[in-house]
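Here is a protein model to explore together.

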Amino acid sequence: MKRRLSEQQEFEIMKMVLDKFLWLGFGIMAYGLYLMYNDTTQAGLSWIIAGAVILFIFSWIVVKEYEIIK
């Protein structure tokens with residue numbers, strides 16, 4: 001038998017997972033900034049864009065999953 005989670009428990013788990021992906025996106029963007037400073041601008045910019053795409057995807061997932069209405 002599978003155990004069902006309450007909405008609060010599901011939200012807490014999603015919050016923990018989302019926090020890790022936000023750190024991942026921020027880390028990728030910080031690495032891109034480091035590359036822009038030490039290497040070429042194009043290499044750093046591509047890493048920053050990749051980090052922004054990761055952050056956008058997971059923001060979209062949260063909005064889609066929890067139906068956040070403005």
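Predicted model: local features only at pLDDT ≥ 70, side-chain atom pairs only at ≥ 80, totals over all residues.

The protein chain holds two helices and zero strands. Its C-alpha atoms fill a box of roughly 55 × 30 × 20 Å along the principal axes. The radius of gyration is 16 Å, whereas a compact globule of 70 residues would have one near 11 Å.

Let's start with helix H1, which runs through residues 7-38. How far apart are its end C-alpha atoms? They are 46 Å apart, and this agrees with expectation because 32 residues at 1.5 Å a residue should span 46 Å. Within H1, the residues Gly25, Ile28, Gly32 and Leu35 are buried.

Next comes helix H2, residues 41-66, where you will find Phe56. Is Phe56 buried or exposed? Its relative accessibility is 60%, so Phe56 counts as exposed, the cut-off being over 50%. From Phe56 to Gln9 there are 47 residues in sequence and 24 Å in space, C-alpha to C-alpha.

Now step back to the whole chain. Of its 70 residues, 11% count as buried. The accessible surface comes to about 6200 Å², and carbon and sulfur atoms make up 68% of that surface. Among contacts with a separation of 6 or more, 46% are between residues 24 or more positions apart. Finally, the protein chain has 7 positive and 7 negative charges, whose mean positions lie 6 Å apart.

Definitions and conventions. Residues numbered from 1 in each chain as written. Heavy atoms only, no water. Helix = DSSP H or I, 4+ residues; strand = E, 2+ residues; numbered from the N terminus. Rg over C-alpha atoms; globule rule 2.2 N^0.38 Å. Buried < 20%, exposed > 50% of the residue type's maximum accessible area, 1.4 Å probe, protein only. Contact = heavy atoms within 4.5 Å. Areas by Shrake-Rupley, 256 points an atom, 1.4 Å probe, with all protein chains shown as cover. Lys, Arg positive; Asp, Glu negative; His and termini not counted. Charge placed at Lys NZ, Arg CZ, Asp CG, Glu CD. Expected span 1.5 Å × (residues − 1).
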